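Student: I have a structure open and would like to go through it piece by piece. Can we start with the strands?

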Amino acid sequence: MRILAPLILLLLIGCQTDQKNDHDTQSDQISIEYASKFLIANDQVKVLEPWPGATKEITYEIEEIPKKIICTSTTHLPFLELLGVANTLVGFPGTQYITSENIREMVESGSVMDVGGEGSLNIEMIIGLDPDLVFAFDMGNESTVLDKLEESGIPVVYNSDFLETSTLGRAEWIKFFGAFFNKQNEADSIFNAIESNYDSLLSLTENVKTRPEILSGVLYGDTWFLPGGKNWSAQFFHDAGAQYFLSENEKTGWLELGFEYVFEEAQDADFWIGVATFQSKKELADQDSRYGQFHAFKHDNVYNYSKRIGAKGGYDIFESGYARPDQVLADMIKIIHPELLPDYETYYFERLP
């Protein structure tokens, strides 16, 4: 099965549809199958949970197609590229994290300005750029700055894709962006292709006879950070035909565990997938020699998402990976059940030397 061809096809769809600028009326409610945090109907986009624990919804009226926008998360950028509207981007905070070659060129040429860093936004610079919209995310502590932007007359649109709990749910946010740019048909077509790819890959692993056990995460200080059993990233392990060692855990977020617990439960795990910024087993062992006691470490089955790192050190999986869960799933299957994709080469992940 060839997985990269659809990526090229989707990029072509985005480029070819960039010529359409007139705004058509969106009459009925748009079908949202996996995402749970937004709805689209009658020229309105409703964000149901704009930030964690929000007690109110926010409704946005779609009136004009934005010509200049600012985004605040790398997860927003692949949707702009797939829809062919990346040229509307004029600002981004922390441009060093951007991995897209196209948008990096825009940064280097000065057409995309760095409007902040380390979690902060430069309000004066944003006002000076005079964007039609700022697509922002709020983890619960950014609202003061965003409120100031709105008080200055800059429209802020809250994007809470990070609150989705399924892989396809995050990818379906392309429809969110499609609504604002009058690209709903294109967004639907692109998402349907991604969904079709994902389903085809999923069918390969439905009846696998063995499901290897997976360990993930690393220590930060004395705490091991790793996805909860119902976290969207843990879904990849299951869909790829494996058994996450915390699959019975009900948490959708991230867990903080002690080394002893992780070692007791996962010392015999077959694969260790996802190890932060480490790029070799030696780097892991130099940080904590106890890592060498894990079965996956001993048998060279440690993998990380370090195959695609941008020019300034950003990890592409944290940019395009959310929009392309089919690509991530293909990588997982290649690692865990390589016989199912014999001719495929991983895109994001690589075995650590």
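Student: Which residue does Val218 stand opposite in strand 11?
Tutor: Val218 stands opposite Phe225 there. This is a predicted model, in which local features need pLDDT of at least 70, side-chain atom pairs count only at pLDDT 80 or more, and totals for chains, interfaces and linings use all residues. Residues are numbered from 1 along each chain as its sequence is written, and side-chain values use heavy atoms, with hydrogens and water left out.

Student: How do strand 10 and strand 11 pair, and over how many bridges?
Tutor: Strand 10 (residues 218-220) and strand 11 (residues 223-227) run in the antiparallel sense, with 3 bridges. Two strands pair if DSSP finds at least two bridges between them. Strands (E, at least two residues) and helices (H or I, at least four) are DSSP runs, numbered from the N terminus.

Student: What about the hairpin between them, which residue has a positive phi?
Tutor: Gly221 does, with phi near 70°, and the hairpin has 2 residues between the strands.

Student: Which residue of strand 13 is the bridge partner of Leu226?
Tutor: Leu255 is the partner of Leu226. Strand 11 and strand 13 (residues 254-257) pair in the antiparallel sense over 4 bridges.

Student: New topic. How many aromatic pairs are there?
Tutor: The count is 35. Rings of Phe, Tyr and Trp (its six-membered ring) pair if their centres lie within 6.5 Å; planes under 30 degrees apart count as stacked, over 60 as edge-to-face and the rest as tilted. One of the pairs is Trp232 with Tyr322, which is tilted, at 5.0 Å centre to centre and 55° between the planes.

Student: Where do Trp232 and Tyr322 lie?
Tutor: Trp232 is in helix 9 (residues 232-239) and Tyr322 is in the loop between strand 15 (302-304) and helix 13 (325-336), so the pair ties together parts 90 residues apart in sequence.

Student: Are they buried or exposed?
Tutor: Trp232 and Tyr322 are both buried. Buried means under 20% relative accessible area, exposed over 50%, and partly exposed in between (1.4 Å probe, protein chains only).

Student: And why is helix 9 largely enclosed?
Tutor: Because 6 of its 8 residues are buried, helix 9 is largely enclosed by the rest of the structure. Among the buried ones are Phe236 and Phe237. Gly241 follows helix 9 and has a positive phi, near 90°.

Student: Last one: where is Ala296, and what does it touch?
Tutor: Ala296 is in helix 12 (residues 295-298) and is buried, at 2% relative accessibility. Leaving aside neighbours within four places in sequence, its contacts (heavy atoms within 4.5 Å) include Trp272 and Val302.
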